[in-house]
Every structure is written in structure tokens, then in C-alpha cells.
Amino acid sequence: MNRFARTLVLTLAACLLTGAFMAPSAAAQDPIRTADYDVENLDFPPLGDFEAPEPERLTLDNGMTIFLLEDHELPQVNAVARIGVGSVYEPAAKVGLASVTGTVMRTGGTASMSSDSINQVLEGLGATVETSIGTASGSAFMSTLKENVDTVLPIFAEVLRRPAFAAEKVNLAKNQQKSAISRRNDNPQQIALREFDKIVYGEDSPYARHTEYWTVDAITREDVVNFYDQYFEPNNVILSVWGDFDAEAMEEQLRAQFGDWTAPEDFTPPMPPEPTTNRAYSVNFVQKDDVTQSTILMGHPGALRQNDPDYPAVTVMNEVLSGGFSGRLFQNVRSDQGLAYSVFGNYSAGYNRPGRFFAGVFTKSGTTVEATNAVMREVEKMRAEPPSEDEMQLAKDSYLNSFVFNYDTKREVLSRLMTYAYYDYPSNFLQQVRDGVEQVAADDVLRVSQEYLYPDQSHILVVGRQQDFSQDLSTLTKDGAVNAIDVSIPQRPPGEAAPAASAEDMAAGRELAMAARAALGGDAFEQVENMRVVTQQQGNTSTLVVRLPNQLRTALSTPMGELTVVDDGEAMQLKTPQGTQTAPPQMRSQINGQLWRT
């Protein structure tokens, strides 16, 4: 299938699946038949006792902590390492260094094996070794059949201990980073989350800064090697292994692979820095023309850690306010008022630093201000009166009844224990939170809502199409000031002027452009008036007829049915199994843009 037809299929299929093209007649169907019974009278048996699995913990002489958990259900052996490293430690002038390092640890080969050799061995065995570095921690993962662990475990260990960081793979990872920069404004949710962090923490905070072309260009292979050497030490690694093995035999294998790994005597595992915070009321806006809904976030920095005595009460507060279908945000903003496609919220808390509170809503452009006010009112109501008895019962039941899902995979169990070990939390901390939740009363929820929620000191961020708003964003402000945020992607550092092109550069550029034009057909392109493309794939046929520059008709056969698209140069009409209607402007722009490139 040619690229244009493939793009068209994917675009229309997504719209069909999301119901974007619903003909008026589609709503006039027979009502769904339901059974009549009173759900209030359903009886449920009490939940059975649950016992969390207990892994074996050991510490090597070099300070490396290891958790072992036998699980003989499947003939697999899995391992995950948590490393005390992250982008919060990279220089501000080289943002992206941590991510590049985490990628090239795996893709750049090791001291004894090239990247291709590692790939061939792992693919032949159906095994996996992966590495990455995030904001405040790094990870390495291994998965293999039990029978191949003697081959895969040494590769996993060498990737962790002796990565080669091949120069060409460093360059490839940098190019991937720059490609991601070019696409970072495509998704409004990604824009909102990125810019909201910058508002809350400050643009220069390691918890908010992001890659730019020049920060990636500044990264060298030497930087990658030095960053690795600075943080990858055995007493900065916690390793968990689970699967079909004998714990005693596995311990011997792990000691053989990691026991001779030594750390400098003066090395101390780092702790992520305390974030700077900015709690003040503000209204901020990002203009995005190719959307028909607004993405809205509002909130402020948090004020407690997970080991705070108020954490269980805040957990219940979260459930009352935004606990899925039963939370106030969903019930009042989405169900009762119909103002949201999606509405959510959370008061997070870190292990060694405060988190943040935010609530969010996706709403059609015309109800942007109305939906924002509706969410803020729910936050204010949390501070005004305690939850009802029914709300408390439902919130606590929602948390307690889902508690078992904290243990639904062995990886999840061990990952949590590694986190607790790294931050020096008790291994039964989650059970302590559960016990605390059981004791929370409605007055406790009111108290923590009043102490930790600050609706009058919240930042509001809107990403959307301002000309479609029914009310001006200034109505959300206290002083009429709306901060317009420019998210255009800069090509060079602030204050650095673009280099002037010399006459020789301009001449060389023109010569190159003309050579490319000649290679692609030259003057023959000017003679093309129409084109017809027929594509066959897996028994399906698509036909595209184009009258240049901007008229087209195409018929596509898809699993969702027959699709026909006609553009007469003024508007685009779509005929689907649900009916015929005019395509939204952003879809027409996307399809015509791909046609132009084709």
C-alpha cells in the first residue's frame, strides 16, 4: 500500500473507531434490551485472605542488593535492575545525556560483543535485554527461558557493567532524540504536561527542562562514558530476579557475575534534588489551531511525602475527588454536566520529595472556561465540607478492594521492594498505608483537603483553539492577565543569532536543490495534470484519482467497511458505513498535506 493510501486508511479508521463520523440516523436505533433487577440487593461474599509473596534478600560484599523470588508457574527467568541515576543529574547544557546513555548501553554493544552479535544471540533465543534512564532512576531488564539463562544472564551483566558505547550508536541515539523534538508539539496532552511542569517547577528545574536541538548536539561520546562511570557502581544498583529457578543456585550465578564488581571507597549513592516550587494563581494558554477540544490542567506543588502521617487521608481524598467513575469529578463534571470527554485528578507524593496536585479535563473548545470552572468548584468543595458517609465507604472500598492488584505480577512486587530499599522505607510500607486508610474518617479528609489543596493558588493551563472558546480566558483570572506560552521549537540557544549565509553557501544550496529536482524528473513534473494510483494488498484494492493541484477521489476497502473520500477543492466529503458528511478541517489538512508530499 502506498504511503498516501496507508495514511488515509489509518486516519479514517481511527475516526470510525472513535465515532467521529456518526450519521444522524445512527442514533435512531432500537434501544438496548436490559434485564430488570435491583443491583442494591446483590450479595457479595467477603474477600478472601491474601498473603503477599516474600522474596529473599541478600547483599553482596560490594554493596549490591539483590532480591530473589522463585516462581515455578512458567519456565522463565526475569531480572530487573534499578540504578540510582537519572536526568535530574545531567548538566543543563546537555539535556538528553541521561536518555542517550540509557539507550546506548544496550544498543552500543559491550566490551566483548558487538551490538549485532548481542541482537543475534537474543533473537535466536527469544530473549530480551533492555536498558533505559528516566528522570530519577535507571533500569535494566532481562527475560529468558529457563534453559537459556546461562547464556543470557552473562550478556545482561556485561551490558550493565561493561557497555562499549559505540560512537555510531551514540550518534543514532542523538538523531532519535532530535527527531522526537521535531514532533513534540503534535499531541496537545504532551504539550500540556510538559508546559505545566515548567510552570509549577520553573523552566530551569531538572524536573521540568527538556531536550533542545543544541543540548543534544552538545553531547559527545565522552560525555556518555563519563556519565555512566559517575553513577553505575554496584552499591548504586538494586537487582531483582524472579522466575523458575532454585534460589540457592541463582545466588551462586549472580555472585559469579556481579561479585567482583567494585566501587570506589568514596562513592555514595546520590539522592534526587529537592524540586523548587512555584505556588501562585495564574492562567496560562497555548494556542493550537489543529484541535477541536481543549486540554486543561490546573494545580500546584504538593506538600507531603509518602511517609507523612497524613498520606493515608490524602489517599482517601484522592478517591473521593477523582476515584474513577465514582469520584466527584467524573460524576459532577462529566456525567451530570456533560462538560468533559475525560476528567481526572491526583495529589501525588514522592518518596523523598513532595509531589504535586493537579486536576485535568478534556472538553470541547466552546466549553473551555465552563469546564475549568466546574473542576475548580469541585476542588473548592473538598475544602468546604466533609465527604458523606456513602462517599467515604465507596472511596475506602475502592482502594481496599483493589489492593490485591498491587501484587498481580512478581515484577510489580519486586519493583516496589527495590524502591522501598532505595529510599529506606520499610518493606511493609504498602500494608501500613492500607491499615491507615482503614482508619481514615470523614473529618480527616476535610482536614487534609483544607491543609493541602490550594485552589486559590493554582496554576491553570489551557491548550486549545482560542477562537472557538465561548468565553474569554481572562474571565478565569484575578487581574485579567493571561500568560501566552510560545511552544515553537527554537533552532538555537536563546540570544544566539542565526549565522548569516555567505554568497557561496547560497549558490551551493541553489545548485543542490536544482540537482535534486533534475534527479526526480526535472521539467517533466510541470506537465503532470492528473494521476491514478491503484494499490492491492491482501486482497483489498484502493483506487486514488487526483486532479492537481487539490482535487481527489479515493475508494478504500477496510475491515470497517467501504470508505470513499471526495475533495472538490473546496471541501472534503467522507462516505463511511455510518453515513456521509464533511471532513473536519484538520483531517482535510492532514490528507491534503500527505497528497502534496506524495
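At 4% relative accessibility, Glu 378 counts as buried, whereas Lys 381, at 37%, counts as partly exposed. In this predicted model, the two residues form a salt bridge in which the closest N and O atoms are 3.4 Å apart. An α-helix has 3.6 residues a turn, so residues three or four places apart point the same way.

Salt bridges that share partners also occur, and they join Arg 194, Glu 195 and Lys 198 into one network.

The structure holds 21 salt bridges. One of them pairs Lys 410 with Asp 71, the closest N and O atoms being 3.8 Å apart. This pair links distant parts of the chain, since Lys 410 belongs to helix α14 (residues 410-422) while Asp 71 is placed in the loop between β2 (65-70) and β3 (76-83), 339 residues apart. Lys 410 is partly exposed, with a relative accessible area of 28%, and Asp 71, at 18%, falls under the 20% limit and so counts as buried.

A further salt bridge is formed by Lys 94 and Asp 223, whose closest N and O atoms are 2.6 Å apart. Here too distant parts of the chain are linked, with Lys 94 in the loop between β3 and α2 (97-107) and Asp 223 in helix α8 (residues 221-231), 129 residues apart. Lys 94 counts as partly exposed at 22% relative accessibility, while Asp 223 is buried, with a relative accessible area of 17%.

## Helix α14 and its surroundings

Helix α14 has 13 residues and reaches 18 Å from its first C-alpha to its last, which is close to the 18 Å expected at 1.5 Å a residue. Its buried residues are Val 413, Leu 414, Arg 416, Leu 417, Met 418, Thr 419, Tyr 420 and Tyr 422, and what covers them includes β2, β3, β6 (237-243) and α15 (429-439). The helix is followed by Asp 424, whose phi is positive, near 60°.

The charged end of Arg 416 sits over the ring of Tyr 407, 4.8 Å from its centre, and Arg 82 lies over the face of Tyr 422, at 5.0 Å from the ring centre.

## Aromatic pairs and clusters

Tyr 422 belongs as well to one aromatic cluster, which is formed by Tyr 351, Tyr 420, Tyr 422, Tyr 423, Tyr 425 and Phe 429.

The structure holds 21 aromatic pairs. In one of them, the rings of Phe 285 and Phe 469 have their centres 5.9 Å apart and their planes at 80°, so the pair is edge-to-face. This pair links distant parts of the chain, with Phe 285 in strand β7 (residues 282-287) and Phe 469 in the loop between β11 (459-464) and β12 (483-484), 184 residues apart. Both Phe 285 and Phe 469 are buried.

## Nonpolar cores

The largest nonpolar core has 130 residues, of which Phe 156, Leu 239 and Phe 258 touch the most other members. Helix α4 (residues 149-161) supplies the largest share of this core, eight residues. When residues up to four places away in sequence are not counted, Phe 156 touches Ala 79, Ala 81, Val 129, Ala 140, Phe 141, Met 142, Leu 239 and Phe 258. Apart from this core lies another, of ten residues, among them Met 572, Ala 583, Met 587 and Leu 595.

## A buried loop residue

Leu 304 is found in the loop between β8 (293-301) and α10 (311-322), and this residue is buried, with a relative accessible area of 1%. Leaving aside residues up to four places away in sequence, Leu 304 touches Asp 310, Tyr 311, Val 314, Tyr 347, Ala 349, Gly 350, Arg 353, Pro 354, Gly 355 and Tyr 452. The C-alpha atoms of Leu 304 and Leu 544, 240 residues apart along the chain, are separated by 59 Å.

Definitions and conventions. Residues are numbered from 1 along each chain as its sequence is written. This is a predicted model: local features need pLDDT of at least 70, side-chain atom pairs count only at pLDDT 80 or more; totals for chains, interfaces and linings use all residues. Side-chain values use heavy atoms; hydrogens and water are left out. Rings of Phe, Tyr and Trp (its six-membered ring) pair if their centres lie within 6.5 Å; planes under 30 degrees apart count as stacked, over 60 as edge-to-face and the rest as tilted. Helices (H or I, at least four residues) and strands (E, at least two) are DSSP runs, numbered from the N terminus. Buried means under 20% relative accessible area, exposed over 50%, partly exposed in between (1.4 Å probe, protein chains only). A charge sits over a ring if NZ of Lys or CZ of Arg is within 6 Å of the ring centre and within 35 degrees of the ring normal. A nonpolar core is a set of buried Ala, Val, Leu, Ile, Met, Phe, Trp, Tyr and Cys residues joined through side-chain atoms within 4.5 Å. Contact means heavy atoms within 4.5 Å. A salt bridge is a side-chain nitrogen of Lys or Arg within 4 Å of a carboxyl oxygen of Asp or Glu. The expected span of a helix is 1.5 Å times one less than its number of residues.
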